[in-house]
Amino acid sequence: MSEEKMITFTEAYTRALDEAMAADPTVLLLGEDIGDKQGGGVFKVTAGLEGKFGSERVRTTPISEQAIIGAAIGASLAGMRPVAEIMFMNFITVAMDQIVNHAAKLRFMSGGLTSVPITIRTRTGAGTGNGGQHSDMLEAWFAHVPGIKVVVPSSPAEAVGLLRACIEDDDPCLFIEDGVTRVVKGAAPPPDYKIPLGKAHVEREGNDVTVISYGRPLADIRTLADQFAEEGVSVEVVDIRTISPLDVDTIVKSVCKTGRAVIAHEAVRSFGVGAEIAAQIQEHAFSSLKAPVKRVASKDSTVPFARVLENHFIYQPSDIELSIRQVLEGK
Amino acid sequence: MTAAKEFSAADLAAMYHKALYIRTVDEGIRGMLRAGRLALAMHPPTGQEMIAAAMGLHLEQSDYLVTIYRGLHDQLAKGMPLELVVGEYFGRATGACKGKGGPMHITHPASGVMVTSGVVGSGMPIANGLGWASQIKGDGRVTVTCFGDGASNIGAFHEALNLAAVWKLPVIFLCANNRYGEMTTYADATACEKVADRAAAYGPNMAGVSVDGNDPEAIWTAMRDAVARARSGAGPTLLEAHTFRLSGHYFGDANTYIPKDEMAEAVAKDPIKVVREQVIAAGAASAEEIDGWQAEFQAQLDAAIEAAEAAPFPALEEVEMDVYGVAS
């Protein structure tokens with residue numbers, strides 16, 4: 001493993017799309033600027049794919065988010081597996097009708113006669129200085145709509161495996177990419193790597209406290225877990241990977257073992273994924289708890305522009321550390 | 001290229017046959033609502049039957065339809081089995097969607113009925129995707145997406161028509177201009193004289209056609225041309241069919257916002273009455289034959305209603321089924 005190949009998150013997304021398109025001719029790409037002539041997307045994820053797979057399958061669209069998602073839905077009803085790129089997560093709000101009223105519900109409303117196997121890739125995250133309309137983590141909005149799967153990777157290898165799984169899945173999947181860590185590297189997975197959706201991953205076993213998270217905060221949590229190990233505190237780390245449907249069993253099993261839970265996410269605190277996980281824990285693991293469940297999240301505000309404000313808005317690794325110490329003390 | 005088929009007396013009879021079928025079912029369902037044997041939000045297609053009939057006659061079973069909450073005429077014209085439609089109206093397990101969608105969400109891919117949407121204007125972007133898939137596969141299918149004049153003022157209309165023109169998709173945007181968007185007149189809500197005028201904004205790839213949707217020959221011919229254009233790969237059409245909503249926006253609508261003389265004129269021009277005379281005058285069918293069709297349609301409807309009323313309700317477990325597919 002000494003010569004382990006490393007790839008960035010961006011390379012991971014590209015690799016997953018490339019592999020999926022090569023494996024299945026029904027996989028299509030559409031989105032703003034994604035073609036070769038436009039440079040392969042603002043974030044270069046689709047660079048080279050139009051040349052490789054042709055302009056029929058890789059389509060640059062107008063700046064028309066409703067039309068993008070609608071076209072993906074329609075093509076999926078006709079047997080295709082489109083992957084739509086929505087440049088920033090905040091722009092998804094323009095297409096909410098297509099996603100919430102149609103993609104999520106057509107299977108149910110048709111009594112199972114149709115399904116919408118689309119993947120929506122989008123990018124977001126605070127810390128880029130883009131202000132309030134390019135940085136929101138809106139995953140809880142979509143997790144609140146039954147029928148959509150919501151997926152967030154926390155490493156390049158996960159990015160490859162989860163994106164491949166989303167594309168192969170028969171339901172609409174929202175795949176959220178982090179804008180800040182896109183050039184961060186991690187170990188490259190083997191070819192044709194897929195990770196099952198709906199399964200949380202206990203990536204580090206421990207006995208004293210469970211830290212539950214997804215996406216960007218896991219990098220902080222991995223570092224903290226090493227630090228706590230030096231103090232003799234054993235941290236169990238659960239990467240949920242798929243936000244919805246949530247793997248409640250894995251979370252509950254872990255908290256029943258450790259008796260303490262800290263949930264960390266980048267999204268704002270109130271009415272979020274952390275609230276749902278905390279509720280599941282108290283419903284299913286109440287008698288095992290040795291301390292109240294803690295949530296770490298960004299502040300209930302708009303993502304600000306000024307660097308000092310933005311840094312203050314985002315959850316801090318020190319918040320996660322403090323929460324772990326508090327639950328260890330039973331408070 | 002062979003010359004386009006001209007409208008004949010046989011086509012007139014076929015149009016009327018389909019339109020009368022739709023009206024019989026529409027009236028029958030409204031009768032059930034009046035009698036309290038059925039309770040639901042219904043948006044009757046009364047008066048708009050000729051448009052659907054023309055569409056149904058020119059499309060193949062494999063062609064795609066995306067329609068809206070006022071969709072009964074479209075679903076029947078596209079060939080959906082009546083018992084599946086009626087079963088869904090009654091919310092029974094035997095309905096097209098097992099009673100889980102209801103009248104506003106009827107789906108039947110085997111007949112090409114891919115989506116019925118309850119959200120004004122939302123079907124057009126989806127129709128593009130069906131057209132895109134046909135373009136990639138080269139399967140020659142045509143997609144028709146139906147909507148009203150009110151939907152032409154929604155943002156999705158613009159996004160969808162622009163994309164359809166840029167990608168030259170085999171999609172027909174079929175607008176039933178029935179003069180009212182909900183309770184607001186066309187003129188109070190729409191800045192241009194005709195919906196079809198808007199086609200010009202999408203360049204030469206988008207044809208714009210405006211016809212009397214209650215005139216069998218006019219709508220039949222316009223539909224023929226739009227289907228031929230889409231099927232040959234020449235591009236999309238915005239086809240506006242002028243008509244009138246004789247039963248209001250929804251069943252129970254008192255139509256207080258419609259001037260009495262306007263309604264009286266529309267009732268006098270009810271295409272089911274007017275075209276019946278045309279069919280007889282053209283010798284395409286006799287009054288007795290038409291009465292025979294109607295009796296046959298009524299018998300089919302009665303049987304479908306009887307079957308629906310006798311059918312089981314969906315099992316309660318269905319609430320949590322079809323939310324997701326099988327685990328990946």
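## Close-up views of a predicted model

**Figure 1. The contact between chain A and chain B.** In this predicted model, the contact draws on 42 residues of chain A and 36 residues of chain B. On the side of chain A that touches chain B, the elements giving two or more residues are α3 (65–77), α4 (96–103), α5 (106–109) and α7 (156–168) of chain A. The largest share of this side, 10 residues, is supplied by α3(A). Sorted by class, the residues of chain A that form the side touching chain B are 19 nonpolar, 16 polar and 7 charged.

**Figure 2. Two helices of chain A, α3(A) and α4(A).** The axes of α3(A) and α4(A) lie 8 Å apart, and the two helices pack at an angle of about 30 degrees. Because angles under 35 degrees count as roughly parallel, α3(A) is described as roughly parallel to α4(A). From α3(A), the residues A:Q66, A:I69, A:G70 and A:I73 meet A:D97, A:Q98, A:I99, A:H102 and A:A103 of α4(A). The contact of α3(A) with α4(A) comprises 4 nonpolar, 4 polar and 1 charged residues.

**Figure 3. The two domains of chain A.** Chain A is divided into domain 1, covering residues 6–187, and domain 2, covering residues 201–328. A distance of 26 Å separates the C-alpha centres of domain 1 of chain A and domain 2 of chain A. Where the domains meet, 23 residues of domain 1 of chain A are in contact with 23 residues of domain 2 of chain A. On the side of domain 1 of chain A that touches domain 2 of chain A, at least two residues each come from α6 (139–143), β6 (149–151) and α7 of chain A. This side of domain 1 of chain A has 10 nonpolar, 8 polar and 5 charged residues. The helix α7 of chain A also gives two or more residues to the side of chain A that touches chain B.

**Figure 4. The fold of chain A.** Chain A contains 12 helices and 14 strands. Its radius of gyration is 20 Å, close to the 20 Å that the globule rule gives for 331 residues, so chain A is as compact as a globular protein of that length. The C-alpha trace of chain A spans about 60 × 50 × 40 Å along its principal axes. Of the 331 residues in chain A, 56% are buried. Among contacts in chain A between residues at least 6 apart in sequence, 79% link residues at least 24 apart.

Conventions: Residues numbered from 1 in each chain as written. Chains lettered and ligands numbered in written order. Predicted model: local features only at pLDDT ≥ 70, side-chain atom pairs only at ≥ 80, totals over all residues. Contact = placed C-beta atoms within 7 Å. Helix = DSSP H or I, 4+ residues; strand = E, 2+ residues; numbered from the N terminus. Nonpolar A, V, L, I, M, F, W, Y, C, P; charged D, E, K, R; others polar. Rg over C-alpha atoms; globule rule 2.2 N^0.38 Å. Buried ≥ 20, exposed ≤ 12 C-beta atoms within 10 Å, placed from the backbone. Axes fitted to C-alpha atoms, helices over the stretch in contact; angles between N-to-C directions. Parallel < 35°, antiparallel > 145°, perpendicular 65-115°, else oblique. Domains from an automatic or database assignment.
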